[in-house]
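Let us go through this structure together, one feature at a time, with the general idea placed before each case.

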Amino acid sequence: MAIKDYIRERFFPHLWCPGCGHGIVMNGMLHAIEKLGMSRNEIVMVSGIGCSSRISCYVDFHTLHTIHGRALAFATGVKLGLPELNVIVPMGDGDALAIGGNHFIHAARRNIDITAIVMNNRVYGMTGGQFSPLSGYGTKATTAPYKNIDHDFDIAQLAMAAGASFVARTTAYHVKQMTDIIRKAILHEGFSVVEILTQCPTYFGRKNKLGDAAEMMEWFKDFTTPIGSKAKKENDDLIERGIFVQKEIPEYCEEYDKIIEHAMKGS
Amino acid sequence: MAKPKLKEHRINREWCKGCGICVHFCPKSVLELDEMDKVVAARPEDCICCKLCELRCPDLAIEIITAEKE
Ligand code: SF4
Ligand code: SF4
Ligand code: SF4
């Protein structure tokens, strides 16, 4: 199928600002799904609230647009009910890790076969540029006009510590790597977390004087490096990208089926 | 494998928002924004069909059509 066959063309042009990284993530995800040769009916996309969560409006899969931070809870229900479907949950950094932080760590702990794509643009875009838990110390936001004094956390490390069996990071600049990682994450049987650094030129970019969308993408190119690279050893400030973890551990729906089977046998 | 041959840059002017990402990152400087801030293939003869513009467009507004494809 062509990329265009996976979208709801009637809602285009989409509402994201010019140069918004979320569109690039949607583009990369569609290319990954096209490579997998999946049909629209095999995929369920469940999202919460935020600019990134709007992806579920534009793709022509089974889609559920739910409430802020709770997309993973809804997705867990869908997956347990219909485990043969592929469930993808696109989230923003605030949706995933502030409002939905608890759902995030527990979905990871259970290792349910869901692909969580966390679009990290370090800001709440939809509501006007408030700082998010990923903005980072010293950045500016509409709610931190002097500077933000909150520290951020590392999404990949958090996901690994919580037990996710597939954890990766890439950026909106590295589109080929993005497509490849999303493809692998969808194929992985277990909870997969793909963090994608994306640009919000309208708020994070403007408030922090980072230039236009292309300049923000240049930053992703210059300040990230493959996991374990020589450059990382020389400059610890570089952000690593690639697959951090990919391991086989019992998947939640399969384990649940075993319990049902066991219970049906009687004791 | 034969090198893909460019047939056309299929540009959707209704969807293009003139963000300039494709123009900025094209390795061969093929693309430009016109006076309406819509992308145009100014030097199509230089295009190497790498499709990076197509992959990086946030608006799905540019597609590289090669001779083999159709
Ligand atoms: S506000 Fe930021 S995140 Fe939201 S659509 Fe605009 S650029 Fe994208
Ligand atoms: S990347 Fe897409 S939206 Fe941006 S200028 Fe190019 S074709 Fe237009
Ligand atoms: S396919 Fe590559 S060379 Fe051709 S216009 Fe797009 S980015 Fe430039």
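**Reading the features**

A: The side chains of Glu195(A) and Arg169(A) meet in a salt bridge, with N and O 2.9 Å apart, where a salt bridge is a side-chain nitrogen of Lys or Arg within 4 Å of a carboxyl oxygen of Asp or Glu. Glu195(A) belongs to strand β8 (residues 192-197) of chain A and Arg169(A) to strand β7 (residues 166-171) of chain A, so the pair ties together parts that are 26 residues apart in sequence. Helices (H or I, at least four residues) and strands (E, at least two) are DSSP runs, numbered from the N terminus. By the salt-bridge rule, the count over all chains comes to 16.

Q: What should I know about the model and its numbering before reading on?
A: This is a predicted model, in which local features need pLDDT of at least 70 and side-chain atom pairs count only at pLDDT 80 or more, while totals for chains, interfaces and linings use all residues. Residues are numbered from 1 along each chain as its sequence is written, chains are lettered from A and ligands numbered from 1 in the order in which they are written, and side-chain values use heavy atoms, with hydrogens and water left out.

Q: How many residues does each chain give to the contact between chain A and chain B?
A: Contact means heavy atoms within 4.5 Å, and here chain A gives 26 residues and chain B gives 17 residues. Buried area is the accessible area (1.4 Å probe) that two parts lose on being put together, summed over both; between chain A and chain B it is about 1900 Å², with 65% from carbon and sulfur atoms. Lys4(A), Asn27(A) and Val175(A) supply 22% of the area that chain A buries against chain B, more than any other three residues.

Q: Which residues form the salt bridge between chain A and chain B?
A: The count between these chains is 1 salt bridge, and Glu63(B) forms it with Lys4(A), the closest N and O atoms being 3.6 Å apart.

Q: Which element gives the largest share of the side of chain A that touches chain B?
A: The elements giving two or more residues to that side are α1 (21-36), α7 (175-187) and α9 (213-222) of chain A, and the largest share, 6 residues, comes from α1(A).

Q: How do I read the length of helix α11 of chain A?
A: The expected span of a helix is 1.5 Å times one less than its number of residues. Helix α11 (residues 252-264) of chain A has 13 residues and reaches 18 Å from its first C-alpha to its last, close to the 18 Å expected at 1.5 Å a residue. Just after α11(A), Gly266(A) takes a positive phi of about 80 degrees.

Q: Which backbone feature links Phe12(A) to Pro13(A)?
A: The peptide bond from Phe12(A) to Pro13(A) is cis, with omega near -5 degrees, and Pro13(A) lies in the segment before α1 of chain A. Elsewhere, Lys209(A) has a positive phi of about 50 degrees although it is not a glycine, and its place is the loop between α8 and α9 of chain A.

Q: Which residues surround ligand 1?
A: A residue is near a molecule if one of its heavy atoms lies within 4 Å of it. Among the residues surrounding ligand 1 are Cys17(A), Cys20(A), His22(A) and Cys200(A), and the largest share of the shell, 3 residues, comes from helix α8 (residues 201-207) of chain A.
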